[in-house]
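Visitor: I'd like a close look at a single part of this model, please. Could you walk me along the strands and show me how they line up?

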Amino acid sequence: MSGHLIDLYGWSHAIASFLLWLGSLPLELGNWVAINLTGAPSPGPLTGVIGFLTSDGITSLTAAIIAINIMLVWAAALHLFTLMWIERKLYSRLQDRRGIMIGLGSFDFLASTLGRIPIIGRPFRRPSHLGTGYLQNLADGIKLIQKEVITPTNADRWMFHVAPVLITVSTLMAFVALPWSDGMWLMGSYETRPLGCVTDCTSVPVNQWGILFILAVFSIAPLGILIAGWASNNKYTLIGGMRAAAQLMSYEIPLALCVIAIVVFSGTLDPFELVRRQTERPFTFGPWTIDFLPNWYILNPILWIAFIVFFISVIAEAERIPFDIPEAEAELVEGWTTEYSGMRFGLVFAFKWLRALIGAGLISILFFGGWTGPAFVTLGVENLTTPQAEAIYILPQEFWFSLRVYIIFIVFVWIGWSVPRIRIDQILNIGWRRLVPLSLLAILLAAGARAWLGGF
Amino acid sequence: MGEMWINMGPQHPMTHGLWNLRIKVDGETIVDAEPEIGYLHRGYEKIMEVREFQKNVVLTDRLCYVSSITWSHCYCLACEEIMGVEAPPRGQYLRVVTNELQRIASHLMWLAAYGPDLGLLTALLWALRERELFLDLIQLISGARMNQNYPRIGGVRNDMPPDFEKYCRKVIAHFRKKLRDHEQLFEQSKLFQMRTVGVGRISRAQAMDWGVTGPNLRATGARIDLRTLDPYDAYPDLTFEAVTRSEGDSYARYKVRMEEMKASCDLIEEALASMPEGPYRSKPPRRAEGEGFRRTEDSRGEAMFYVIGDGDDRPYRVKIRSPVYSSIFAAPLMMRGNKIADVVAIMGSIDVCVGEMDK
Amino acid sequence: MGVEGEVLGKLRERFRPSDAAIVRERVVRIGIERNDLLPVCRFLKETLGVEHLTCISAVDWRDRYECVYHLTSWSRNFMVQINARIPKDDPHIDSLTPLWNGANVHEREAYDLMGIVFDGHPNLVRILLPKDYEFHPLRKDFPQEVDRQYVSRRKIGGGG
């Protein structure tokens, strides 16, 4: 079994302590100077400040800031770039072309650089199209940043500025509650298991309301979209915003109902507990057990309806084709994002992918066993009782989680670029008349399974 | 919200060309529609009066730039009516072959535009990839991919190169397989049918009344194809059956064009097999007097040129009849009762080419 | 003989047009005055089964206008070309929109480019040119900007 690589709280506490210690060094020096050179009484005048800086409260605060920084900025950005790259390359290949090609291999640093310096009279060589294309999205982001930010004249200024903030913030808040492994999470606490133990205890993370929190903040985005559509002072964005809000709100229901099916089946909303249930025992179906299969909920036939409905709802929530009529409609130009220029548009556009990422993360936690996988070779001692303490895993849990997320995302892209989009009334028809009854059926099945076949 | 007029265009990703569609909506439902055209009006008929007969082929190529050979072919036929010349058999067969190649290329361009309209962005790349093969073939025989200036009054500009037939057969065989892939792309998921079946329905009587011709008319159940009804050039010698469907909605129009591509493949193979030897061009007189008209089955319908000469070496009057001109103004009939989101599906299925519409 | 002969015979006996001829197989051509237009077209549509109006062209001869109508019968597969003469000083003629709705656009174009007014047309406004354009460009007195190379041989030779 693989272990986690990044122990976010541990590392962020360590980094915070280190940084605060570093920051207190000049203060210590000043103290020493004050005591020895100026004759101040010992302890020196700056001792209180040093004590305050290195206290538990400030350390925790700094650790929290660093953890948030790592998780939201770096992990989100890294995964965002990777997802965008995957999508652009994959759909290009589906379309029988190569896709974005300017990447790290395009810049020929190994060769002589003289020919590349723009000396007057000597031509500058453009980067070659031999890279992987990974840097293209960074380039697109830089392009969007340097564009002029235009606010329409009669737009509702406050709402116009607030709307992308709402969308961005709500998506990042969902990121807060989405764990990437046993150690890489922001929202949660440690508990000892088994409960009430004295010897042979392990400390595991728990987050009692994790999935509920993710679903709740996921639902704030329709509000932001509606505000954006209204505040742009444009007939078409209004229509687009209303359609988007209708679609997203309609598909929240089957989304939540399928989660309820899983909750009924497993008894917990805790993402860590769900993963533990799916991994710490072999595949169980009532009295029968199949030893070589993991207990992933996707393998359980009772939950197949829940999986299919949840999958379709996630595609609709992430506003991907075939459900992307609010924003990529041929007659509404860009729909509710039409009036946004520059990085504002870039943000809402990028957060579409992050919402898909969160959806894929939810699917992998709920159905595919989260972040488990074989470790292959471990360096160090694989200690099964305190795995987070000692071993270094070649393929850590973060890798397996990312792998699941990317594979699910690849299926999203594959579906999205092979089918046309459907009209808004057809979307709402499917959402209300087909998916809601199916998700209720899924809850019924899960409840029946729980009642007659025992706990899972 | 009451009824309001919405402008779709002239700058709009859906319109495939420069024209404006005003639709009157009541909520989401379309009550009326009014196309506004003329943004691409170039004064063709006036220009053609000062250029010599043969030099006008350069202009007629650019009428519908997606399907140029068919338009120049029609013009050359009309001029041959006045001048009293007839193309030699080999010239006629060459015109038929290039006509059908151009028709397939035009239908592929339509497919490449129709898919993205509905959200199926992959269709653009796939259809254009196939179109490249046909443009290469057309370049092989005429020297240019688009606006080829290939038909001549009295025949064609040059004979086909010696390896043309071999490449043509290869491309056609490859294309038949790929056409199955394209059909699968569109039809394997029901979503395309959800968007197009029952959308934009027009009845046969209405279509005939409004002057709709071509695949749009054949989709309503009328077995009307000028290549069988009023054949020209080598068409009387070739076996050909018009493709029809009876529903009259966007899906039927889509299907008719897909089947027509297959029928064109058959025509090309048959024409290549029975191509006679001999000259490919007869020399027309320089001056012409009289009037003549000729209509052909263009990719989009019935195209007609009416040419009047008064004894000079250039036409006195040229009248261009464009099939899209009539079809677009029958579109309001197709749109009433549908939703705004269906406008894209309907207009895409009519296959608008603004160049020939605005002249 | 064929269908074109039959059509020609029926038109001759009913309307006695000034010139009527068979152009080629399945195509008949008649020339009429503008007052006869609606009766002829009505006869063609109702009796002879002409379903489709292919085109309406407007021609500016130096002494008159002419509206050339091309009508098609799909069911019996023949075409009729009607040349209707219109005096230059009174460019009015009846509209065919009551018979075929397809005439609507063609008549708008003829009005737009040549200035022929169709009486009875439901919406005779310009279609290709801007709505506030003042001229009818296809008329022969609307000047062409011609280069030396576009001057015809006849004109070079001193003709008109």
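**Strand pairing in chain B**

Guide: Happy to! Let's begin where D26(B) stands opposite T29(B), a residue of β3(B). Before going further, note that this is a predicted model, in which local features need pLDDT of at least 70, side-chain atom pairs count only at pLDDT 80 or more, and totals for chains, interfaces and linings use all residues. Residues are numbered from 1 along each chain as its sequence is written, chains are lettered from A and ligands numbered from 1 in written order, and side-chain values use heavy atoms, with hydrogens and water left out.

Strands (E, at least two residues) and helices (H or I, at least four) are DSSP runs numbered from the N terminus, and two strands pair if DSSP finds at least two bridges between them. In chain B, β2 (residues 20-26) and β3 (residues 29-36) run antiparallel, joined by seven bridges. Their hairpin has two residues between the strands, and there G27(B) takes a positive phi near 75°. On to another partner of β2(B): six bridges link this strand with β1(B), residues 3-8, again in the antiparallel sense. If you want a place to look, find N7(B), whose bridge partner in β2(B) is R22(B).

The loop between α11 (250-273) and β6 (289-298) holds R286(B). Strand β6(B) belongs to an open sheet of three strands, ordered β6-β7-β8, with antiparallel pairing. Which strands stand at the edges? They are β6 and β8 (317-321) of chain B, each with a single partner strand, so one side of each has no neighbour in the sheet. Five bridges hold the antiparallel pairing of β7(B), residues 301-310, with β8(B). Within β8(B), V318(B) is the residue opposite V307(B).

Side chains of opposite charge can pair when their charged atoms come close. R176(B) and D266(B) form a salt bridge (a side-chain nitrogen of Lys or Arg within 4 Å of a carboxyl oxygen of Asp or Glu), and their closest N and O atoms are 2.9 Å apart. R176(B) sits in helix α6(B), residues 164-187, and D266(B) in helix α11(B), so the pair ties together parts 90 residues apart in sequence. Over all chains, the salt-bridge count comes to 61.
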